[in-house]
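Hi everyone, thanks for coming. I'd like to walk you through a model today, going from the whole chain down to a few single residues. Have a look at it first.

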Amino acid sequence: MLMRFGGSLLCRGAMRHPQIPAKQRLSQLLFLQPKTRTCSTVQNVQSAKSRSVGLWLAGCSGMVAGAVLLGGITRLTESGLSMVNWSLIKEMKPPSNQQEWEEEFSRYQQSPEFQALHSHFTLEDFKRIFYMEWAHRMWGRAIGLAYFIPLAYFVARGKIAKTDYKRHGAFCCLLLAQGGYGWYMVKSGLKKPERDTDMPRVSQYRLAGHLFLAFLLYSGFLWTSMSHLKRDLLFESHKNLKRLRILAHISKAMVFITAMSGAFVAGLDAGLIYNSFPKMGDFWVPPEILDFDPKWKNFFENSTTVQFDHRILGMSTLTIISSTWIMSRFTPLPKRAKLAASCLMAMALFQVHLGITTLKNYVPISTASMHQCGSLVALSLALWLSHELKGIKRVARKIK
Ligand code: HEM
């Protein structure tokens, strides 16, 4: 009889074997090391997980993290609107001679961004911002290749379980959507702003959508790679475990939501107002917070409200993660889960520190991009903690 534990199969005989003392039986189940395997089914379990698939997906998640970093620097250096066309194949080759560069530059000179912000740019200045955006776009293509080619290989070799087909289908859709969406976002910054006083920039809604897709893809790759790479390390349950698991889920969701609200801060350049903390200027709650009509627009279009919300969300995320960490200290857990909870706690503190430093220093490129990457590190640690806790809960349910 086979039993499923956190995506793993164990045989019932391994749990009930009369010759093995109860304590030893439990430890054999809890720590699945090659030496202590109790039946051949366990070997099947291990082969259903593929180290090579896990490493490949971990590499893909690393590449997505790299794209987020590059994208952040591209935005912060105001390079994102330098390529005013999009073509899957043609734009892979950057201009290679003086004439091609001048043509590319003259296309950029027609754009509202050049006219409003960069009219003093020389061809050399243009080349710098062009290469930044080009590298970001090329990196996106490299992720596509790094995912699709090995996927075809692994499917052909039967290394992808049929049950994972839907998940990989979703990854394919997300990757293709992200490519198209990137251009949809850039297009919003190539239009002349409605009011003459507004600076041309990409829509904050589209920027948040682009970051959302990237974070979703990153989480999917990382979670799946952990399922392949991590050795099952199951542990006896404890009454706090259910609550701890819920807290870990909330921590994950809070990091995700706070990061999305950060994209609105970035999209509206809302980090350039109220550069003090904890108060916003002289106020705890600035007076213009609900100035826009209809009221819901304030949460997405009023820079003051968007910054205020991001502060509240950031501090709430820190509070939730602190509660998760405190509860983890009072719950018997495997070392790895304890480590994940402590790393998440430390990262949340560092992330809030980075956010405050970014704000107080009027968004310098270095701290702002570290703050953006910090959100991915925090999300990774929250995912890791959830993954550790997932296995524990399942074995507890079965053993009782
Ligand atoms: C767990 C807590 C936090 C997370 C996960 C988080 C995440 C993010 C993310 C993902 C961005 C978007 C960056 C981009 O797209 O370039 C951002 C922007 C920003 N965040 Fe946070 N943040 C947190 C807390 C805070 C706090 C407490 C503050 C300050 C009080 C803060 C200040 C800022 C500022 C000023 C920006 C705009 C930076 C820019 O224009 O590039 N953040 N945040």
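Predicted model: local features only at pLDDT ≥ 70, side-chain atom pairs only at ≥ 80, totals over all residues.

So, let's start with contacts: of those in the protein between residues at least 6 apart in sequence, 79% join residues at least 24 apart. By contact I mean that the C-beta atoms of two residues, placed from the backbone, lie within 7 Å. Residues are numbered from 1 along each chain as its sequence is written.

What is it built from? The protein has 14 helices and 2 strands. Those are DSSP runs numbered from the N terminus, with helices being H or I over at least four residues and strands being E over at least two. Of the 400 residues, 35% count as buried. Buried here is 20 or more other C-beta atoms within 10 Å of a residue's own, exposed is 12 or fewer, and partly exposed is in between, again with C-beta atoms placed from the backbone.

Now the inside. In soluble globular proteins, nonpolar side chains tend to be buried together. A nonpolar core, for us, is a set of buried Ala, Val, Leu, Ile, Met, Phe, Trp, Tyr and Cys residues joined through C-beta atoms within 7 Å. Which residues touch the most other members of the largest core? Among its 63 residues, the answer is V64, L344, A382 and L385. Helix α10 gives this core its largest share, 11 residues. Both domain 2 (50–229) and domain 3 (237–400) put in at least three residues each, with the bounds coming from an automatic or database domain assignment. Zooming in on L385, and skipping residues up to four places away in sequence, we find it touching A248, A337, A340, A341 and L344.

Let's stay with α10 and see how it packs. Two packed helices are described by the angle between their axes and the distance between the axes. For α9 (residues 204–229) and α10 (residues 241–267), that's an angle of about 145°, with the axes 8 Å apart. The axes are lines fitted to C-alpha atoms, for helices over the stretch in contact, and angles run from 0 to 180 degrees between N-to-C directions. On the α9 side, the residues that meet α10 include L207, L211 and F215, and their partners in α10 include F256, M260 and F264.

Next, the loop between α10 and α11. D269 is found there, and D269 is partly exposed because 13 other C-beta atoms are within 10 Å. D269 and R201 are 68 residues apart in sequence, yet 9.7 Å apart in space, C-alpha to C-alpha. L290 lies in this loop too, and L290 is in contact with K295 and N298, leaving aside neighbours within four places in sequence.

Most residues other than glycine have a negative phi, and most peptide bonds are trans. Which way does the bond from F277 to P278 go, cis or trans? It's cis, with omega near 5°. The bond from D293 to P294 is also cis, with omega near -5°. As for phi, E78 has a positive value near 55°, and E78 sits in the loop between α4 and α5. V363 has a positive phi near 55° as well, in the loop between α13 and α14.
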